[in-house]
Amino acid sequence: MHSNVKIVFMWQRIQTLYLAIGFALIFSLFFCNFISYEDLTSSGESVSEVLRYRSMRGWLYPVLMVITTLIQLLVVFLYKSRMVQMWLVIFNALVLLGFQTVVIFDAVSFIRAAAQSGIELYRISYVTSVFPLVTGILNFLASRNIMLDEAMVQSASRIRRSKRR
């Protein structure tokens, strides 16, 4: 019974919601397309093409996705040790911003290469390519709230110590 109360309390903190949403976004990249586009063939037919995250750049995308997903899942459950949670959240946010930079670079490179090879792209869908950025922003918001929680706990500890004297 006692552990159930702590789990309920964990979900009352807004940073846990930020971290859980970020986990869902990053985890969804395993199943999403990097870029899906439609190409016009010489006969005027439209051909749909898809590039998946897990097949991009050899090992870089899968490794970044696994690392950021595991850290994101871990920090959701580190609510008892706020300082470790805060530093891991900040580290993961920085890794996610680097991941976002690689995603943007690859998207721009793909569009340029398609233009140079004469492929006419007329509908490009890359909504998921901003998921690392959104998760990084959510992580920075979560770290701010974790710091506020830690400051509140430290303040309450000082008040309790001063009342004992």
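Colleague: Does D149 count as buried or exposed, and at what relative accessibility?

Modeller: Buried means under 20% relative accessible area, exposed over 50%, and partly exposed in between (1.4 Å probe, protein chains only). At 19% relative accessibility, D149 counts as buried. Bear in mind that this is a predicted model: local features need pLDDT of at least 70 and side-chain atom pairs 80 or more, while totals for chains, interfaces and linings use all residues. Residues are numbered from 1 along each chain as its sequence is written, and side-chain values use heavy atoms, leaving out hydrogens and water.

Colleague: How many salt bridges does the structure hold?

Modeller: The rule is a side-chain nitrogen of Lys or Arg within 4 Å of a carboxyl oxygen of Asp or Glu. The structure holds 2. One joins D149 to R13 at 2.9 Å, N to O. D149 sits in helix 5 (residues 131-164) and R13 in the loop between helix 1 (2-11) and helix 2 (14-28), 136 residues apart. Helices here are DSSP runs of H or I, at least four residues, and strands are E runs of at least two, numbered from the N terminus. R13 is buried too, at 8%.

Colleague: Which residues form the other bridge?

Modeller: E150 and R82, at 2.8 Å, N to O. E150 lies in helix 5 and R82 in helix 4 (residues 82-116), so the pair ties together parts 68 residues apart in sequence. Both E150 and R82 are buried.

Colleague: And which residues touch the most other members in the largest nonpolar core?

Modeller: Such a core is a set of buried Ala, Val, Leu, Ile, Met, Phe, Trp, Tyr and Cys residues joined through side-chain atoms within 4.5 Å. Here, L29, F34, I35, Y61, F99 and V103 do, out of 17 residues. Helix 4 gives the most to this core, with 7 residues.
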